[in-house]
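Good morning, and thank you for coming. I would like to take you through one structure today, beginning with a single side chain and ending with the whole protein.

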Amino acid sequence: LTQDFPIAARSALATARAEGVSDDAGGIGGFLRSQFDVRSSSPQEGAGPDAVLSRAEAAIKAGRVADALAELEALPEVARAEMTDWTARATQRADVLDAIATLSETFN
């Protein structure tokens, strides 16, 4: 999941920018970010797709799958659609981790 996140995030962010639902798509800076496929790799404040994706990536790198999924809920629909495959695998992983935690509590 950690390894595949940047690819999915770039696709989601590119779609958000192309659809005009990204807060960083305007002006010369937005043009350059789009042309060079630039996105934040450290957690950023804000509600825009780039900030949301940066926080989700930080969460997944820290092993907090549920937190990453929660962050992704704030993405615009067009960007969230680009994350569908990754989100499905992350949801499976989160379910497995929850089941392990439940079993661990049951047998301790």
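Predicted model: local features only at pLDDT ≥ 70, side-chain atom pairs only at ≥ 80, totals over all residues.

Is Arg55 buried, exposed or partly exposed? With a relative accessible area of 22%, Arg55 is partly exposed. The classes are these: buried is under 20% relative accessible area, exposed is over 50%, and partly exposed is in between, with a 1.4 Å probe and protein chains only.

Residues are numbered from 1 along each chain as its sequence is written, and side-chain values use heavy atoms, with hydrogens and water left out.

Let me turn to the overall layout. The protein has six helices and zero strands; helices are DSSP runs of H or I with at least four residues, strands are runs of E with at least two, and both are numbered from the N terminus. Of its 108 residues, 32% are buried.

The structure holds five of them. Arg55 pairs with Glu71, at 3.1 Å from N to O. Since Arg55 lies in helix α3 and Glu71 in helix α4, this pair ties together parts that are 16 residues apart in sequence. Glu71 is partly exposed too, at 23% relative accessibility.

Another salt bridge joins Asp4 and Arg89, whose closest N and O atoms are 3.0 Å apart. Asp4 belongs to the segment before α1 and Arg89 to helix α6, so the pair ties together parts that are 85 residues apart in sequence. Asp4 is partly exposed at 31% relative accessibility, and Arg89 is partly exposed at 36%.

Glu57 is buried, at 5% relative accessibility, whereas Lys61 is exposed, at 53%.

What lies inside? The largest nonpolar core has 21 residues; such a core is a set of buried Ala, Val, Leu, Ile, Met, Phe, Trp, Tyr and Cys residues joined through side-chain atoms within 4.5 Å. Among the residues with the most contacts inside this core are Phe5, Leu75 and Trp86. Helices α1, α3, α4 and α6 each supply at least two of its residues, and α1 gives the most, with six. Contact means heavy atoms within 4.5 Å. Beyond its neighbours within four places in sequence, Leu75 is in contact with Pro49, Val52, Leu53, Arg80 and Met83.

Finally, consider helix α6, residues 84–106. This helix has 23 residues and reaches 33 Å from its first C-alpha to its last, close to the 33 Å expected at 1.5 Å a residue; the expected span is 1.5 Å times one less than the number of residues. Trp86, Ala90 and Ala94 are buried in α6, and the buried residues of this helix pack against α1, α3 and α4.

Thank you; I welcome your questions.

Terms used:
Salt bridge = Lys/Arg side-chain N within 4 Å of Asp/Glu carboxyl O.
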